[in-house]
Amino acid sequence: MPGTRLTEEQAEVEEAKVADEDLGGLTREELRQGQEAALALEDMMALSAQTLVQAEVEELYQPVRPLGQGRYGRVLLVTHRQKGTSLALKQLPKPSTTLRSFLHEFCVGLCLGAHAAIVTAYGIAIESVGSYSFLCEPVLHGDLIAFIEPKVGLPPGAAQRCAEQLASALEHVHARGLVYRDLKPENVLVCDARCRRVKLADFGHTRPRGTLLRLTGPPIPYTAPELCEPPPLPDGLPIQPALDAWALGVLLFCLLTGYFPWDQPLPTADPFFEDFVVWRASGLPEDRPQPWGGLTPAADALLWELLDPRPRSRGSVSRVRAYLGQPWKQQEGAEAVGE
């Protein structure tokens, strides 16, 4: 019948769609980029394994004070015993850390190189009797969680500065074929008392784009909805930068309000997320969820882009740049935005 045959161009488009579905939604170029990143990382890990410094940390560095403590290790401010240089030392205990996972985090930091909004990793890794350690630049004002006032957030100017710097840091990560996967206030370090400069830290969960992963625990506010669904491939979901865009949207909401928009992105389990989904579907002012009441149309538009439940339609982290300089909170003047 006339009109039923696909044109050659349409057939190519349909064939490409099928191919992308076979790749778990990745294009061939995206898959290639992730594979190149994975190979480069493996090469660096193999080289780093051969050049580990065998020593007890206390022989080389004088501990000064703790800078941070997490489930998997701690960060100390130390000084070099001979040169007196101040450094941050991340120490991971061997009983809970494999050599491979240590080398992975160490080498991801090296792969990212120098970026103003990423903690600089130094090429020194140490194996002691009971731990693995590596050195990086010291950031002395703690993490972002201490600066977020509950039910208030950050001052407007600080929120926009953080958004701009974190978006730039994530763009840098993505440009190298990697997905950060762990954006939260605890992993954002603050460089000064007024929260003018921040740096992304802790790359233990960072993976090459396309790595197959499954959700291993209950979802949290930063978990993207696609991770809560049955994975498209038997071994998991091929990860994409859209995961980081979702987490950035949740974090920005926290910076502007001082609380999470929901506990987990499941309409059947979380009424706050269900309200958000209903509002997105209708677009009606009367459906606006109560937690969003203090935000401006510009903030709404940015967060709707970053928090699109459909990963292929979700805005990239770079979209933050289009909304800078506009008020994001109600009754916020231009002076507040630039403070």
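Biologist: Helices (H or I, at least four residues) and strands (E, at least two) are DSSP runs, numbered from the N terminus. With that settled, which elements each supply at least two residues of the lining of the second largest pocket?

Modeller: This is a predicted model. In it, α5 (156–175), β12 (237–238) and α6 (242–257) each put at least two residues into that lining.

Biologist: Which gives the most?

Modeller: α6, with three residues.

Biologist: How many residues line the second largest pocket, and which lie nearest its centre?

Modeller: The lining has 27 residues, and Glu226, Gln240, Ala242, Pro311 and Arg312 lie nearest the centre.

Biologist: What about the classes in that lining?

Modeller: There are 13 nonpolar residues, seven polar and seven charged. The space in the second largest pocket is about 540 Å³.

Biologist: Which way do β3 and β4 run, parallel or antiparallel?

Modeller: Antiparallel, with six bridges joining β4 to β3 (residues 74–80). One of the bridge pairs is Arg74 with Gln91 in β4.

Biologist: What do β3 and β4 form, and how many residues are between them?

Modeller: They make a hairpin with five residues between the strands. Gly84, in the turn, has a positive phi of about 80 degrees.

Biologist: And β4 with β6, in which sense do they pair?

Modeller: β4 pairs with β6 (residues 131–136) in the antiparallel sense, over six bridges. There, Lys90 has Phe134 in β6 as its bridge partner.

Technical notes
Residues are numbered from 1 along each chain as its sequence is written. This is a predicted model: local features need pLDDT of at least 70, side-chain atom pairs count only at pLDDT 80 or more; totals for chains, interfaces and linings use all residues. Side-chain values use heavy atoms; hydrogens and water are left out. On a 1 Å grid over the protein atoms alone, a cavity is a set of points where a 1.4 Å probe fits but cannot get out, and a pocket is an open set with protein on both sides within 12 Å along at least five of seven lines; lining residues have an atom within 4 Å of a point. Grid points are joined across faces, edges and corners, and a volume is the space filled by probe spheres set on the points. Ala, Val, Leu, Ile, Met, Phe, Trp, Tyr, Cys and Pro count as nonpolar, Asp, Glu, Lys and Arg as charged, and the others, Gly among them, as polar. Two strands pair if DSSP finds at least two bridges between them.
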